Amino acid sequence: MDAAATEQRALRFSTVGYLFMGCLGIGFFLATRSEAILLDGIYSLISFLASIMAGRVARLVGKPGSETFHFGYAHFEPLLNTLRGFLIVGLSAFALVSAVDALLHGGRPIAAGIAVFYGVSAATLCLLMAWNQKRLAKQVGSPLLEVDSRTWFVDGIISTGAAAAFITAFVFERLELHDLLPYVDPTLVVVLVLVMAKVPLEALWDNLREVLQVAPPKDDQALVRTAIEGAVADLPAQEVQIRMVKTGRYFYVLTHVLLPEDWRPGSTKALDAIRCRIAASLREVPLKLITDTVFTADPLWTSVDDDRTCEKPTEG
């Protein structure tokens with residue numbers, strides 16, 4: 001099975017899993033009145049909706065450009081992941097405010113015994129899904145599956161913490177510590193939101209950087225620069241200007257090679273051969289690259305200044 005088919009199958013499986021976990025969370029919330037379980041359930045339902053869109057995006061990114069999107073659909077990946085990040089951060093903020101309010105007003109009671117069963121079951125299922133999606137993400141090189149594995153992992157940690165807190169609440173019930181019991185659920189929500197805030201915030205920031213077309217990480221830039229500069233080392237290049245941007249699973253590289261005015265490549269085929277050599281040098285770089293190489297004798301085109309004004313050509 002090819003990478004695209006594996007990715008689609010994994011996303012479909014994940015979509016069903018999110019729907020199941022969301023319904024499970026809402027059902028157990030109605031039985032326990034635990035807002036920690038409600039948070040978990042809504043988190044899963046948000047992920048369910050995002051997963052449906054991810055399946056559509058995964059099919060789009062493999063298609064060529066169109067009349068509407070000349071450069072293809074790769075930018076849909078970070079855009080979707082950014083939207084998912086905003087939703088999760090917003091949900092977490094709402095849950096945090098609600099939990100703090102409950103703590104300030106006497107807490108809220110829960111049915112701890114039923115909640116323990118939910119916490120253990122949900123944690124097991126979510127962590128198994130996180131492991132599976134992480135494995136497939138590495139196998140096919142899919143940013144969508146990578147984000148999906150993080151989402152399942154966060155959900156699994158939330159459920160693990162919930163299980164531990166519900167066990168504590170169950171012990172409080174048996175010890176008849178009724179004054180402490182109402183504070184278990186809102187305290188759990190506060191702790192989970194604060195502990196796990198780093199994961200969705202990092203995912204949001206990473207994908208927002210791609211949407212804004214911020215330069216890729218310096219380590220990736222160094223790999224690409226080293227490969228390209230080695231490929232053109234035999235040319236009398238006065239400057240090699242390399243610009244890069246990462247969008248989803250693709251890494252676009254635009255290279256301007258500044259050459260002396262009297263340099264003669266011999267033919268257009270000779271220039272294409274140099275382009276092929278540059279592309280070949282990048283095959284060892286563990287990134288999905290799209291390369292574009294431009295040769296020029298005018299430093300105007302290697303400038304980072306976008307206000308380029310060409311001199312009016314002289315008449316012969």
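**A colleague's note: hairpin, cores and pockets**

1. Let's start with the hairpin: β1 and β2 make one, with 2 residues between them, and G248 in the turn has a positive phi of about 65°. Helices (H or I, at least four residues) and strands (E, at least two) are DSSP runs, numbered from the N terminus. Bear in mind that this is a predicted model: local features need pLDDT of at least 70, side-chain atom pairs count only at pLDDT 80 or more, and totals for chains, interfaces and linings use all residues. Residues are numbered from 1 along each chain as its sequence is written, and side-chain values use heavy atoms, with hydrogens and water left out.

2. The two strands run antiparallel: β1 (residues 239-247) is joined to β2 (residues 250-258) by 9 bridges. Strands pair if DSSP finds at least two bridges between them.

3. Next, the largest nonpolar core, which has 40 residues; I37, W152, F166, L188 and V189 have the most contacts inside it. Two or more residues come from each of α1 (3-32), α2 (35-61), α3 (76-104), α4 (112-140), α5 (143-174) and α6 (181-196). A core here is a set of buried Ala, Val, Leu, Ile, Met, Phe, Trp, Tyr and Cys residues joined through side-chain atoms within 4.5 Å; buried means under 20% relative accessible area (1.4 Å probe, protein chains only).

4. Have a look at I37: leaving out residues up to four places away in sequence, I37 touches G25, F28, F29, T32, A115, Y118 and F166 (contact means heavy atoms within 4.5 Å). Another core, of 18 residues, lies apart from the largest one and includes F251, I274, L282 and V285.

5. Now the largest pocket, with a volume of about 680 Å³. A pocket is an open set of points on a 1 Å grid over the protein atoms alone, where a 1.4 Å probe fits, with protein on both sides within 12 Å along at least five of seven lines; lining residues have an atom within 4 Å of a point. The volume is the space filled by probe spheres set on the points. Of its 25 lining residues, P143, E210, D220, K246 and G248 are the closest to the centre.

Terms used
Buried < 20%, exposed > 50% of the residue type's maximum accessible area, 1.4 Å probe, protein only.
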